[in-house]
Amino acid sequence: MKAAHIQQPGPPENILYDELPSPIPGPTQCLVKVGAVAVNPVDTYIRGGMIQMPLPSPFIVGCDLAGTVMSVGARVAAFEPGDRVWGTNQGLLGRQGTFAEFCAVDECWLYPTPAGVSDEEAAAAALVGLTAHLGLVRDAGLRKGETIFVHGGSGGVGSMVVQMAKTIGARVITTAGSDLKAELCRKLGADFVVLYKTQNVEAEVKRLAPAGVNVWWETLREPDLDLAVGALAARGRMIVMAGREARPPFPVGPFYVKGCTLRGFVMFMATPEEQSDCAEDINRWLVEGKLKANIDRVLPLSQAAAAHRLQEESTMGRTGAVSGKIVLKP
Ligand SMILES: NC(=O)c1ccc[n+]([C@@H]2O[C@H](COP(=O)([O-])OP(=O)(O)OC[C@H]3O[C@@H](n4cnc5c(N)ncnc54)[C@H](OP(=O)(O)O)[C@@H]3O)[C@@H](O)[C@H]2O)c1
């Protein structure tokens, strides 16, 4: 099969696209013919060696996938050949990645793809959808009628947070780096969009939520905690989930006096049960049209190295060149 893989961590050019043996599914695994995969910033950190993880050799990059089950291991109970499935959480913690024509994936990390949802949409909603759901429902406990602020409403995670928060019934304030991205945020359901390059975020949030926001979702890799804690309402909850190197000053007084809570998480440490609970809601919302994948562009899988370069420049280099997900097709 064709696969996008590395021999060792390094720049995007380390990704080779050529023939590798097709995987043989283990007893609890499904062999999936991949229809689409999507790029996440974490793919680039692992490929670049910024996150150290045990890697199979050669290591196929990528976490997200959607496709069709070709065969199943002897102990697989939930799927059979011909089923359409999506999933994520591959290419992590020693598991092989997804950027290939075929993947052997444990059934606990796969979910049925609803009729009417394409492989491109399912792959693009996978890691970012689970992340948004875990943070909003399990960790922040966002409730109907509350106000949430999310940094980067047109980004991979942000666009899922905006849509899910609206579905839960919250009032959503987000940011965008251009008028075009602000328009996209509004289409996704944001009630208010602050243009962070030309407007004062602190003043705008104060104007839009004078009593503070109930949830502050931080997607930035260098969070400004003075800004975030200052904007939180009494008993506000803050979610951090990016910026492994970040060591910002923490405003202790304003935080505890307001009785706030800080929660951090990585989606890949959530249990299979937690992730499949999220996937159930995601599937239902995709079918109901309450959640849409935010696809920036679709490329052939042979362009995996270029896609990594683009994602890296956009997220870490902050060019903002990508607005949502890069999807690739074998
Ligand atoms: N903990 C986890 O489980 C988990 C899961 C997924 C992702 N992550 C991490 O979360 C971060 C975001 O991921 P992603 O996939 O959403 O990345 P992304 O698609 O590149 O989105 C980044 C967003 O940040 C916005 N942004 C950049 N600089 C900004 C600034 N100064 N002020 C306001 N907004 C700004 C961008 O907005 P504009 O384009 O409008 O400028 C964009 O919407 C990454 O670091 C990723 O590694 C963590």
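Start by selecting Glu288, which has 43% relative accessibility and so counts as partly exposed. You are looking at a predicted model, so every value on this tour is computed from it. Side chains of opposite charge can pair when their charged atoms come close.

Next, pick Arg138, Asp139, Arg263 and Glu274 together. Salt bridges with shared partners join these four into one network. How many salt bridges does a search of the whole structure find? The search turns up 18.

**Into helix H8**

Select residues 272-288, which make up helix H8, and pick out Gln275 within that helix. Is Gln275 buried or exposed? Gln275 has 0% relative accessibility, so this residue counts as buried. Show its surroundings: beyond the neighbours within four places in sequence, Gln275 is in contact with residues including Thr88, Trp109, Leu130 and Phe268.

**Over to helix H1**

Now colour residues 41-48, helix H1, where 6 of the 8 residues are buried. They are Val42, Asp43, Thr44, Tyr45, Ile46 and Arg47. What do these buried residues pack against? Show strands E1 (2-6), E3 (29-38) and E4 (59-60), then helices H2 (119-139) and H9 (304-315), and you have the answer. After H1 comes Gly49, with a positive phi near 85°.

For another link, select Glu120 and Lys329, whose side chains meet in a salt bridge (3.0 Å, N to O). Glu120 sits in helix H2 and Lys329 in strand E16 (residues 325-329), so the pair links distant parts of the chain, 209 residues apart. Lys329 is partly exposed, with a relative accessible area of 30%.

**Last stop: the nonpolar cores**

Select Trp86, Phe99, Ile148 and Trp217. Of the 88 residues in the largest nonpolar core, these touch the most other members. Helix H2 gives the most to this core, with 11 residues. Apart from it lies another core, of 18 residues, including Val205, Leu208, Val229 and Ala231.

Finish by zooming in on Phe99. Leaving out residues up to four places away in sequence, Phe99 touches, among others, Ala3, Val37, Ile60, Leu301 and Leu328. Asp43, one of the buried residues of H1, is also touched by Phe99.

Terms used:
Residues numbered from 1 in each chain as written. Predicted model: local features only at pLDDT ≥ 70, side-chain atom pairs only at ≥ 80, totals over all residues. Heavy atoms only, no water. Helix = DSSP H or I, 4+ residues; strand = E, 2+ residues; numbered from the N terminus. Buried < 20%, exposed > 50% of the residue type's maximum accessible area, 1.4 Å probe, protein only. Contact = heavy atoms within 4.5 Å. Core = buried A, V, L, I, M, F, W, Y, C linked by side-chain atoms within 4.5 Å.
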